[in-house]
Amino acid sequence: ITSGDNNVALGHNSLGSNTSGNYNTASGYQSLQSNTTGDFNTAVGGYTLSSNTTGIYNTGSGYQSLNYNTTGSQNTAAGYRSLLFNDDGNANTSLGYNSLFYNTEGSSNTALGHSALYNNTTASFNTAVGMDALETNTQGENNTALGYQAGDIITLPGLPSSPNAFDIDLDENGEIINILST
């Protein structure tokens with residue numbers, strides 16, 4: 001720390017690169033390790049907010065939560081690898097094991113539950129509450145799902161696992177085929 005004020009670091013390499021960041025708290029192996037000028041961040045757990053450089057007002061609790069965050073701000077992540085791949089997404093709330101795991105740029109998402117919004121990458125304004133809720137969503141926005149696996153593709157006995165429209169095609173004569181599946 002060269003000129004930063006009111007910082008607390010506990011653990012090997014915690015706040016190891018901090019130059020002028022202020023009011024940061026890092027507890028755990030390499031937590032906030034890359035922080036240079038980011039302010040008001042709290043990292044609890046090994047590798048938590050480890051890649052953060054300039055992001056501000058982030059809170060991460062749990063092994064590798066917000067690990068790859070660099071410039072994202074106002075994020076809250078609690079749970080093993082929650083918001084793991086977030087880079088510059090802002091104002092996300094992720095509570096639960098692997099919730100918002102693949103989020104990179106998506107903002108203003110709320111994921112509560114084991115693997116909720118797990119595959120979300122760039123989508124914003126989603127709310128998923130429940131284990132695996134909106135787990136398969138990658139880029140869909142403005143969705144709300146409540147309950148176990150809510151928002152995932154659900155199949156019913158006797159119905160295909162994908163819409164028939166995916167099978168519609170043209171044959172070599174230009175005739176429509178597979179319009180009605182058997």
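This is a short tour of the structure, stop by stop, with something to select at each one. Keep in mind that you are looking at a predicted model.

**Stop 1: the whole chain**

Start with everything shown as a cartoon. You will find 11 strands and zero helices, so the order of elements from the N terminus is simply β-β-β-β-β-β-β-β-β-β-β. Turn the model along its principal axes, and the C-alpha atoms fill a box of roughly 75 × 35 × 25 Å. The radius of gyration is 21 Å, whereas a compact globule of 182 residues would have one near 16 Å.

Of the 182 residues, 39% count as buried.

**Stop 2: the loop between strand 3 and strand 4**

Select Gly-45, which lies in the loop between strand 3 and strand 4. Its relative accessible area is 19%, and because buried means under 20%, Gly-45 counts as buried. Setting aside residues up to four places away in sequence, Gly-45 touches Ser-27, Gly-28, Tyr-29 and Ser-31.

Leu-49 is buried, with 0% relative accessibility. Check its backbone too: Leu-49 is not a glycine, yet it has a positive phi of about 50°. Most residues other than glycine have a negative phi.

**Stop 3: Asn-98**

Move on to the loop between strand 6 (93-95) and strand 7 (110-112), where you will find Asn-98. Is this residue, Asn-98, buried or exposed? It is buried, since its relative accessible area is 10%. Show the surroundings of Asn-98 and, leaving aside neighbours within four places in sequence, you will see contacts with Tyr-80, Arg-81, Ser-82, Ser-115 and Tyr-118.

**Stop 4: the nonpolar core**

Next, select Leu-32, Leu-117 and Ala-128. These are the residues with the most contacts inside the largest nonpolar core, which has 17 residues. In soluble globular proteins, nonpolar side chains tend to be buried together.

**Stop 5: Asn-142**

Continue to Asn-142, in the loop between strand 8 (127-129) and strand 9 (144-146). Asn-142 has a positive phi of about 60° although it is not a glycine. Asn-142 counts as exposed, because its relative accessibility is 57%.

**Stop 6: a patch on the surface**

For the last stop, select Ile-168, Leu-170, Ile-176 and Ile-179. Together these residues make a nonpolar surface patch of about 390 Å². Finish on Ile-179, which sits in the segment after strand 11 (176-177). With 51% relative accessibility, Ile-179 counts as exposed.

How values were computed
Residues numbered from 1 in each chain as written. Predicted model: local features only at pLDDT ≥ 70, side-chain atom pairs only at ≥ 80, totals over all residues. Heavy atoms only, no water. Patch = residues over 30% accessible without salt bridge, like charges linked within 9 Å, V, L, I, M, F, W, Y side chains within 5 Å. Areas by Shrake-Rupley, 256 points an atom, 1.4 Å probe, with all protein chains shown as cover. Salt bridge = Lys/Arg side-chain N within 4 Å of Asp/Glu carboxyl O. Helix = DSSP H or I, 4+ residues; strand = E, 2+ residues; numbered from the N terminus. Buried < 20%, exposed > 50% of the residue type's maximum accessible area, 1.4 Å probe, protein only. Contact = heavy atoms within 4.5 Å. Core = buried A, V, L, I, M, F, W, Y, C linked by side-chain atoms within 4.5 Å. Rg over C-alpha atoms; globule rule 2.2 N^0.38 Å.
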